[in-house]
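Here are my notes on the model, as numbered points. Please read them with the structure open.

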Amino acid sequence: MGSPQDSDPAIAADPAIALRDAHAVLGAREVLRGVDLTVRRGETVALLGANGSGKSTTIRAVLGQVPLTDGTLELFGTPFRRFRDWKRLGYVPQRSTAAAGVPATVREVVSSGRLARRKLRPLGSADKDAVERSLELVGMADRAKDPVDALSGGQHQRVLIARALAGEPELLIMDEPLAGVDLASQQVLARTLREQVGKGSSVLLVLHELGPLAPLIDRAVVLRDGRVERVENPDQLHDLACHPHGDEPAPGAETAPKIETGSLT
Ligand SMILES: Nc1ncnc2c1ncn2[C@@H]1O[C@H](COP(=O)(O)OP(=O)(O)OP(=O)(O)O)[C@@H](O)[C@H]1O
């Protein structure tokens, strides 16, 4: 997707993410073995690949949660070791790892997305407006006072997305945002992302199926065994989501509905 920022060559020259020849070790294994990943301003990039191919590790490396043993990372043109502008990033972790058992209301969780912007100051009117806008965007405004523990899995996911959006990030990173989410919530996410991208945000998301997000994806980077196997443009995305490693569908197999089911492998 093009963004208004594309017209500024200085900004367009600095991608939101520039990961080069990234290597990372977890336990005794080299899990990333030379990953190159660029997300330009205003671009929406999907990371695809089989279980264990290194998608989450790549995202965690971009966030600095997994150190690189080799290679380089720049965020918005700044080498990672000097990058401090965390308010420009929003992160939606895999649902199972976040907010479970937190004794907080929906609004409180979403408000925590403003932390990097307001530091330790109390919530101001701009903060409150951003929180309310994010709740509206994901369709959770009417649940704002409910404890997050009282939510379903898909509603939980919407709250985590709202928390990331509340920080008004220029780069939104999401790890399997469609996992376990019904079609209605997937469509809410698609609408939300479209709005973000329309404002010029960049998006990196791990997906197993493209679902309603397919029309929003500019490029798909397919990982295999800790390396980029290939990079595809939107024309190939349908086949990629169903057969990320180029496996042919069984003769007569119905592939189109698979993308829309939301049931993930
Ligand atoms: N903490 C860890 N210690 C050791 N190995 C790990 C650790 N976390 C992940 N791995 C290994 O790293 C590899 C890549 O894992 P990663 O979670 O990045 O894959 P993924 O592509 O996101 O998979 P999935 O689709 O299942 O979420 C896997 O082989 C996994 O077993």
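1. Ligand shell. The residues around the ligand are Leu-26, Gly-27, Arg-29, Val-31, Gly-49, Asn-51, Gly-52, Ser-53, Gly-54, Lys-55, Ser-56 and Thr-57. A residue counts as near a molecule or strand if its C-beta atom, placed from the backbone, lies within 6 Å of it. By class, the shell has eight polar, two nonpolar and two charged residues. Nonpolar means Ala, Val, Leu, Ile, Met, Phe, Trp, Tyr, Cys and Pro; charged means Asp, Glu, Lys and Arg; the others, Gly among them, are polar.

2. Basis. This is a predicted model; local features need pLDDT of at least 70, side-chain atom pairs count only at pLDDT 80 or more, and totals for chains, interfaces and linings use all residues. Numbering starts from 1 along each chain as its sequence is written.

3. Where the shell comes from. Strand S2 (29-39) and helix H2 (55-62) each supply at least two shell residues. H2 gives the largest share, three residues. Helices (H or I, at least four residues) and strands (E, at least two) are DSSP runs, numbered from the N terminus.

4. Hairpin. S2 runs antiparallel to strand S1 (residues 17-26), joined by eight bridges. Ile-17 stands opposite Val-39 in S2. Two residues lie between S1 and S2 in this hairpin. Gly-27, in the turn, has a positive phi of about 60 degrees. Gly-27 is also one of the residues around the ligand.

5. Open sheet. Six strands line up as S6-S7-S8-S3-S9-S10, with mixed pairing. Strands pair if DSSP finds at least two bridges between them. Strand S6 (89-92) and strand S10 (227-232) are the edges, each pairing on one side only. Neighbouring strands of this sheet are turned by 15 degrees against each other on average, direction ignored.

6. Inside the sheet. Strand S7 (residues 171-175) and strand S8 (residues 202-206) pair in the parallel sense over five bridges. Met-174 stands opposite Leu-205 in S8. Helix H7 (residues 183-198) packs on the sheet and touches strand S3 (44-49), S7 and S8. The direction of H7 makes about 145 degrees with that of S8. Helix H6 (residues 153-166) lies across S6 and S7, at about 175 degrees to S6. Axes are lines fitted to C-alpha atoms, for helices over the stretch in contact; angles run from 0 to 180 degrees between N-to-C directions.

7. Whole chain. The protein chain has nine helices and 10 strands. Of its contacts with a separation of 6 or more, 71% join residues 24 or more positions apart. Contact means C-beta atoms, placed from the backbone, within 7 Å.

How values were computed. Two residues are in contact if their C-beta atoms, placed from the backbone, lie within 7 Å.
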